[in-house]
Amino acid sequence: VKAKAKTSAAPVKSVVPQVKTLYWVQTASLADKINAERARDKLAAQHMKVEIFTKETAAGLTHRVRVGPFTNNTEAKYWLNSIKKIKGFENSYIAEEKIKTNN
């Protein structure tokens, strides 16, 4: 009679990427980088965290001026309302960005 070998393999845990949503208030999308920097500076003077994202489009480079990121839509809406009151930023809107995390 043969004894069966006992194998104790630990269960394999697979890491499933989670998707997290970040919310940004997009305040401008400009072809001219200097105008994007002016818009950024105007918002930064109001104590907002502002970033410029450069994207290649069919029409050429576009510089998107965004405030954030925010972890929830409620917070983004709060800032959107404040930003829309600033002259030149009345057409701002909320943009969502999906980020994969390994949590």
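This is a predicted model: local features need pLDDT of at least 70, side-chain atom pairs count only at pLDDT 80 or more; totals for chains, interfaces and linings use all residues.
**View 1. K33 in helix 1.** K33 is found in helix 1, an element that spans residues 33–44. A C-alpha distance of 10.0 Å separates K33 from V65, a residue 32 positions away along the chain.

**View 2. Overall arrangement of helices and strands.** The protein contains 2 helices and 4 strands, which follow one another from the N terminus in the order β-α-β-β-α-β. Of its 103 residues, 29% count as buried. Among contacts with a separation of 6 or more, 68% are made by residues 24 or more positions apart.

View 3. The 4 strands are arranged in the order 2-3-1-4 and form an open sheet with antiparallel pairing. Strand 2 (50–57) and strand 4 (93–101) are the edge strands, each of them pairing on one side only. From one strand to the next, the twist averages 40 degrees. Strands of a sheet pair through backbone hydrogen bonds, in either a parallel or an antiparallel manner.

**View 4. Helices packed on the sheet.** Helix 1 (residues 33–44) packs on the sheet and touches strand 1 (18–30), strand 2 and strand 3. The direction of helix 1 makes about 15 degrees with that of strand 3. Helix 2 (residues 73–84) lies across strand 1, strand 3 and strand 4, and runs at about 10 degrees to strand 1.

**View 5. Strand 3 and its two partners.** Strand 3 comprises residues 60–70 and is mostly covered, with 9 of its 11 residues buried. On strand 2, the antiparallel pairing with strand 3 comprises 8 bridges. A hairpin of 2 residues connects strand 2 to strand 3. Within this pairing, T57 stands opposite G60 of strand 3, and E51 stands opposite R66 of strand 3. Strand 1 is joined to strand 3 by 6 bridges, and these two strands also run antiparallel. L30 has H63 of strand 3 as its bridge partner.

View 6. R66 lies in strand 3, where E51 stands opposite R66. Is R66 buried or exposed? R66 is buried, yet has no salt bridge. The nearest side chain of opposite charge is that of E97, 5.0 Å away, whereas a salt bridge requires a separation within 4 Å. The side chain of R66 instead makes a polar contact of 2.8 Å with the side chain of Q26. Leaving aside residues up to four places away in sequence, R66 touches W24, V25, Q26, T27, K49, V50, E51, F53 and A95. Q26 is therefore listed among the residues touched by R66 and, with a 2.8 Å separation, also meets the 3.5 Å limit for a polar contact.

How values were computed: Residues are numbered from 1 along each chain as its sequence is written. Side-chain values use heavy atoms; hydrogens and water are left out. Two strands pair if DSSP finds at least two bridges between them. Axes are lines fitted to C-alpha atoms, for helices over the stretch in contact, and angles run from 0 to 180 degrees between N-to-C directions. Contact means heavy atoms within 4.5 Å. Buried means under 20% relative accessible area, exposed over 50%, partly exposed in between (1.4 Å probe, protein chains only). Lys and Arg count as positive and Asp and Glu as negative; His and the chain ends are not counted. A polar contact is a pair of N or O atoms within 3.5 Å; within protein, one must be able to donate a hydrogen and the other to accept it, and residues adjacent in sequence count only if both atoms are side-chain atoms.
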